[in-house]
Amino acid sequence: LTSNQESNENFFEAVNIFGGGNQIVTSPMMEGGRITSIFGGSEVDLTKAKALPGATIDVLTLFGGSEIRVPADWKIKIEVTAILGGFEDKRTDLSHDDDAPVVVIKGLTMFGGGEIKS
């Protein structure tokens, strides 16, 4: 199962089971989303989206992986439980803008992983 999608809705969903997919989110008022990767991988590009205060992304990764690309000025708070896996922010050039949105990424990764990039 493979998908390549573009979404401008305020809530996005990316589901990949035994496959991979790419999604570009362009919402000017993103409230959050859900990423599910089971024996597969997801790439979600949020670099053209604008996050609303309190935006939350739920992730579930089992034997798979997720890559989330975000604008460099977003503040990311990771609340992902990792069991024999990991989820990390790999951005190196971070903005220090006090007005930047805070996006919470929460969920579970087991035997897999995820990363945040710009």
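Is F111 buried, partly exposed or exposed, and at what relative accessibility? F111 counts as partly exposed, at 39% relative accessibility, where buried means under 20% relative accessible area, exposed over 50% and partly exposed in between (1.4 Å probe, protein chains only).

The model is predicted, so that local features need pLDDT of at least 70 and side-chain atom pairs count only at pLDDT 80 or more, while totals for chains, interfaces and linings use all residues. Residues are numbered from 1 along each chain as its sequence is written, and side-chain values use heavy atoms, with hydrogens and water left out.

Three aromatic pairs are present in the structure; rings of Phe, Tyr and Trp (its six-membered ring) pair if their centres lie within 6.5 Å, and planes under 30 degrees apart count as stacked, over 60 as edge-to-face and the rest as tilted. One of them joins F39 and F63, stacked at 4.9 Å centre to centre with 5° between the planes. These residues are 24 apart in the chain, F39 in the loop between β4 (30–38) and β5 (41–45) and F63 in the loop between β6 (51–62) and β7 (65–69); strands (E, at least two residues) are DSSP runs numbered from the N terminus. F39 is partly exposed at 43%, as is F63 at 42%.

F63 also pairs with F111: the ring centres are 4.7 Å apart and the planes at 5°, so this pair is stacked. F111 lies in the loop between β10 (102–110) and β11 (113–117), 48 residues from F63. Ring pairs link F18, F39, F63 and F111 into a cluster.

Conventions
Helix = DSSP H or I, 4+ residues; strand = E, 2+ residues; numbered from the N terminus.
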